[in-house]
Amino acid sequence: SKEAKIAEHHEGVLGTIAFWISLIFTVVASVLCLMYKDTYFKWSYVPYHIPALEWVGLGFSVASSLLILWTHLVLGKNWSATVTIKENHTLTNNGPYRIARHPMYLSVLLLVVGVFLTTENWFMGLAWFSNFLYVLTRIPKEERLMVRLFGAEYLNYKKKVGALFPISCPGECWPGPHYTDSLEINQNPEEYSS
């Protein structure tokens, strides 16, 4: 099927560049750690080895990969690597979106845990964790955009499903404005315009 056209782009050039730099850095750091684990990056490995943790880490990594695939399949034409609105954008609240409002970001968290436990390398774990922290900064932008686009429908969905986990975090777990009803959208429309 044809890719849906982008109707609005809500992540500036710098945000898009930062996203890709963060991701590329994380992947390159991981490859270097694995290639030079007995020489240059020997210092970054945990001094003890617990084989069972490797299997747990592998489980997290596989779960992450399956969640990414499931999320992509459910999103279809709505998927974008940046914060955008596509033409004929629809609210997705089925599939993994019944578990979390941002299942793609949950999959990154699972991958962070999986990579660390599988490789037992704290530097690689920190690299992936820094990528996860960057991804978290996108949540408030996406939330404002979804409320502006879908209004009360998204706010009702937000009350039922947590951002990263099935249980919603009271007051949400990150800084920034959080609106709880459609009246506040009408009173503060400028919050949803950027």
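I began at Thr 90: leaving aside neighbours within four places in sequence, it is in contact with Asn 78 and Phe 150 (contact means heavy atoms within 4.5 Å). The model is predicted, so I kept in mind that local features need pLDDT of at least 70, that side-chain atom pairs count only at pLDDT 80 or more, and that totals for chains, interfaces and linings use all residues. Residues are numbered from 1 along each chain as its sequence is written, and side-chain values use heavy atoms, with hydrogens and water left out.

**Thr 90**

I located Thr 90 in the loop between strand E2 (84-86) and H3. Helices (H or I, at least four residues) and strands (E, at least two) are DSSP runs, numbered from the N terminus.

**Whole chain**

I counted seven helices and two strands in the protein. From the N terminus on, the elements run β-α-α-β-α-α-α-α-α. Of the 194 residues, 43% are buried. Among contacts with a separation of 6 or more, 76% come from residues 24 or more positions apart.

**Helix H5**

I checked the length of H5 (residues 138-150). Its 13 residues should span 18 Å at 1.5 Å a residue, and the end C-alpha atoms are 18 Å apart, which agrees; the expected span is 1.5 Å times one less than the number of residues. The buried residues in H5 include Arg 138, Glu 142 and Glu 143 as well as Ile 139, Leu 145 and Phe 150. After H5 comes Gly 151, with a positive phi near 55°.

I took axes as lines fitted to C-alpha atoms, for helices over the stretch in contact, with angles running from 0 to 180 degrees between N-to-C directions. The axes of H4 and H5 come within 5 Å and cross at roughly 25°. That makes H4 roughly parallel to H5; angles under 35 degrees count as roughly parallel, over 145 as roughly antiparallel, 65 to 115 as roughly perpendicular and the rest as oblique. Tyr 134, Val 135 and Leu 136 of H4 meet Arg 138, Ile 139 and Pro 140 of H5.

For H5 and helix H6 (residues 152-160), the axes come within 6 Å and cross at roughly 130°. The two helices are therefore oblique to each other. On the H5 side I noted Glu 143, Met 146, Val 147 and Phe 150, which meet Ala 152, Glu 153, Tyr 154, Leu 155 and Lys 158 in H6.

**Cores**

Which residues touch the most other members of the largest nonpolar core? Of its 19 residues, they are Cys 33, Tyr 105, Leu 106, Met 124, Trp 128, Phe 132 and Leu 164. A nonpolar core is a set of buried Ala, Val, Leu, Ile, Met, Phe, Trp, Tyr and Cys residues joined through side-chain atoms within 4.5 Å. Helix H3 (103-119) and helix H4 (122-136) each supply at least two residues of this core. H3 gives the most, with eight residues.

I then followed Tyr 105: not counting residues up to four places away in sequence, it touches Phe 132, Val 135, Arg 138, Ile 139, Glu 142 and Leu 164. A second, separate core has twelve residues, among them Tyr 97, Leu 145, Met 146 and Leu 155.

Notes. Buried means under 20% relative accessible area, exposed over 50%, partly exposed in between (1.4 Å probe, protein chains only).
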